[in-house]
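Here are a few friendly notes to read with the structure open beside you. Take the points one at a time and find each residue as you go.

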Amino acid sequence: MNVKLLGGVFVVLLVCVCVAGCVGTQTPPTETAPDALVGTWVGVESGLLVSYDLTLVCNEDGTAKLTGSFSGGGMSKNLNANLKWEYVSGNQYVGKSGDNSLAIYLVGNALTITVNPKKMGIADFDIDFDVNMKRSTGAVSTATATKTPTVVPTTTSPDAVVGSWKGTEDGVVSYDLTMVYKADGTGTIAGTFNVMGQEKSFTKDVTWEYLNENKYQAKYGSEMLPLQLVGTELVVTLIPSKLGVEGLDNPLSIPTSKV
């Protein structure tokens with residue numbers, strides 16, 4: 001990951017620290033296998049000012065790829081960065097890109113990446129905080145019995161999103177979202193957003209299609225809504241202002257469950 005990409009990640013996460021006080025804490029040391037980091041890791045976070053949908057794939061040869069999208073602080077970026085990783089000790093690893101490094105801690109299926117913008121030379125803010133990811137629930141490869149099983153990207157059937165999905169959240173920004181996808185490629189997305197007492201409802205007729213692995217997309221007019229199946233949840237990424245919710249211009253990744 002080059003400095004420019006790291007800068008984007010840190011600025012976005014810095015907003016989270018400033019407004020929510022989410023100061024990081026290092027995961028207590030535990031003992032892991034050196035190659036336990038191998039596999040696919042997913043982090044999805046939604047918030048009023050910060051949201052991200054990130055996937056980290058760590059390979060057995062010490063290489064890795066970080067992809068996904070995030071938004072916050074008035075910016076929105078897509079990531080497609082190559083990294084290298086190595087085991088340190090206990091449950092500790094390090095991710096590297098040139099002279100830059102990130103501390104990584106692993107406990108079970110929970111991955112924590114600790115960052116400090118000032119130490120990275122990105123911003124004059126000297127505080128550690130955490131980015132949390134979970135191991136993907138994809139299929140497990142056991143071809144080599146002497147190696148730790150490797151999680152590979154989830155592959156779903158083209159019609160796995162057919163049905164009704166619902167997601168709710170109570171907070172500064174509250175929402176009640178329902179999505180219905182039919183086998184003929186049509187559907188609806190409807191719901192209500194409440195921003196500090198100001199409520200806005202919407203209903204959109206959509207068409208949808210399967211892309212690859214666990215990814216889909218819905219469309220209304222010229223707007224695209226990325227969809228991704230993560231375990232039993234269908235995560236939709238949308239921009240509320242484009243659904244008529246004034247003042248919310250950053251993308252939100254909203255997890256929904258089948259009903």
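**Notes on the model**

1. A polar contact of 3.1 Å links the side chains of Thr 32 and Tyr 93. (A polar contact is a pair of N or O atoms within 3.5 Å; within protein, one must be able to donate a hydrogen and the other to accept it, and residues adjacent in sequence count only if both atoms are side-chain atoms.) The side chain of Thr 32 also reaches the backbone oxygen of Gly 90, at 3.0 Å.

2. Before going on: this is a predicted model, where local features need pLDDT of at least 70, side-chain atom pairs count only at pLDDT 80 or more, and totals for chains, interfaces and linings use all residues. Residues are numbered from 1 along each chain as its sequence is written, and side-chain values use heavy atoms, with hydrogens and water left out.

3. Where does Thr 32 sit? Look in the loop between helix H1 (3-20) and strand S1 (39-45); helices (H or I, at least four residues) and strands (E, at least two) are DSSP runs, numbered from the N terminus.

4. Thr 32 counts as buried because its relative accessibility is 13%. Buried means under 20% relative accessible area, exposed over 50%, and partly exposed in between (1.4 Å probe, protein chains only).

5. Now move to Val 44 in strand S1. Val 44 is partly exposed, with a relative accessible area of 30%. Val 44 and Ile 254 lie 210 residues apart in sequence, yet 8.6 Å apart in space, C-alpha to C-alpha.
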